[in-house]
Amino acid sequence: KMIEILGDGSEDLSNQIPVKEVSPADRFEQLLAEMVFSDPNLLPKIVQDNLDTLDEKFYEFVQEKIKKSGDLEERETLRIM
């Protein structure tokens, strides 16, 4: 006999799964990483898909990362972005 691990699908598990909200700083980190490490040919699509996030606050976030970075290569990469 097989053990049923996931149930039969009739249970509502939506209220049992904790949802962690992503802070703006975390979202900025994720977006910046996506922009830096993606294929450069995909950058226009990434920008287009995230126009609502690429605002003054994002720009300030990047500027602060540049200021705080002790790595010359990282600073230059961020400035190019």
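**Salt bridges, pair by pair**

Biologist: What does Glu29 count as, at 35% relative accessibility?

Modeller: Glu29 counts as partly exposed at that 35%. Buried is under 20% relative accessible area and exposed is over 50%, with partly exposed in between (1.4 Å probe, protein chains only).

Biologist: What kind of model is this?

Modeller: The model is predicted: local features need pLDDT of at least 70, side-chain atom pairs count only at pLDDT 80 or more, and totals for chains, interfaces and linings use all residues. Numbering runs from 1 along each chain as its sequence is written, and side-chain values use heavy atoms, leaving out hydrogens and water.

Biologist: Which side chain does Glu29 meet in a salt bridge?

Modeller: Lys65, at 3.1 Å, N to O. A salt bridge is a side-chain nitrogen of Lys or Arg within 4 Å of a carboxyl oxygen of Asp or Glu.

Biologist: What does that pair tie together?

Modeller: Glu29 lies in helix 1 and Lys65 in helix 3 (residues 56–68), so the pair ties together parts 36 residues apart in sequence. Helices here are DSSP runs (H or I, at least four residues), numbered from the N terminus.

Biologist: And what does Lys65 count as?

Modeller: Partly exposed, with 23% relative accessibility.

Biologist: New topic. How many salt bridges are there?

Modeller: Three in the structure. One of them joins Lys45 and Asp49 at 2.9 Å, N to O. Both lie in helix 2 (residues 43–49), four residues apart, about one turn of the helix. Asp49 is partly exposed, at 47%.

Biologist: What about Glu76 and Arg79?

Modeller: Their side chains meet in a salt bridge at 2.9 Å, N to O. Both sit in helix 4, three residues apart, about one turn of the helix. Glu76 is partly exposed, with a relative accessible area of 37%.

Terms used:
Helices (H or I, at least four residues) and strands (E, at least two) are DSSP runs, numbered from the N terminus.
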